[in-house]
Amino acid sequence: MMKKTSSLSCSLFLLMCSFLITSSSNAETVSPRLVSVDGNATEILLQLGVAKHIVAADLTSQSLLPQPVENLGYHRALSAEGLLQQYPDLIIGSNHMGPDSTLLALEKAKIPILQLQSPNTLEQLKVNIDLLATQLQAESAAQKLLQQLDNRQKSLFKKLPEKRPSIVFLLDIGERGLSQAGTDTTGDALIKLLGGKNISQFSGYKSISIEALLAANPDIILVGSRSDSLDSASKLLDRQPLLQHSQANKNTNIVSVNAATLIAGLSLGALTEAERLADKLYR
């Protein structure tokens, strides 16, 4: 009698386990609520196929997303209250996100934050893709994306000239003049992608006069503005006709850059812009 009761209890236990497992597997998966406050990260998330999980994003990410989401403003001036109101499962940003008081408030609220290093190389971009894929369990999509990046990098390298051209990247800020990109900037990273030598060997951005630019006389002048328009070069030439005497202009190598692709570091969009520029410059 004891054996039969034991056997019956065991059978009931196994049946219950089977029911729980089946119920668990058929249960609707809870969608994670992602917040992205970095345009670079947002581009990667789109490629990893998780765009539908993004419930809020920073200003630079808004135009990238296929669906409207809550606009959290500038990534360096985030509101802790605004972020907490999104009930995020994960906030993704860069090492530039802030202010510190907001990050401290999120830490106290035990909200998970993934801060990625803003990339100035394709290698760092690949590291960021790996980190995001691991966090979101999207390794398969990441492998495809990384393979595409490798192929694009090799294709871009084949377009580069044997002799490295001297290049300057200028940010046209209208009445405030021109700002040239030194080292440790995305402008410098773009120049390196194009196989060039940056004539500006200082850190960050500094203003430059037309006279100084003509004295340096680089082979290529890249011109960006705070908009995503591609007429920055022609506008600069209209305002500064002296540039017509530059070596770059004689070789038709004063070209516009979509500077919006460079805001969040060396992004997937910045690589696309580098490919476009290489086709134009090294035709």
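Reply: Let us start with helix H6, whose buried residues are Ala 142, Leu 145, Leu 146, Leu 149 and Leu 156. Buried means under 20% relative accessible area, exposed over 50%, partly exposed in between (1.4 Å probe, protein chains only). Seen down the axis of H6, these residues fall within an arc of 100 degrees, so they line one face of the helix; the arc is that of the directions from the helix axis to the C-beta atoms. This is a predicted model: local features need pLDDT of at least 70, side-chain atom pairs count only at pLDDT 80 or more, and totals for chains, interfaces and linings use all residues. Residues are numbered from 1 along each chain as its sequence is written, and side-chain values use heavy atoms, with hydrogens and water left out.

Me: Which exposed residues does the face of H6 turned away from its buried side carry?

Reply: That face has Ser 140, Gln 143, Lys 144, Lys 154 and Lys 158.

Me: And what covers the buried residues of H6?

Reply: Contact means heavy atoms within 4.5 Å. The cover includes helices H2 (39-47), H5 (122-136), H7 (186-193) and H11 (268-281). Helices (H or I, at least four residues) and strands (E, at least two) are DSSP runs, numbered from the N terminus.

Me: Is His 75 buried or exposed?

Reply: His 75 is buried, with a relative accessible area of 9%. Its place is in the loop between strand S3 (70-71) and helix H3 (80-84). Not counting residues up to four places away in sequence, His 75 touches Val 37, Asp 58, His 96, Met 97 and Gly 98.
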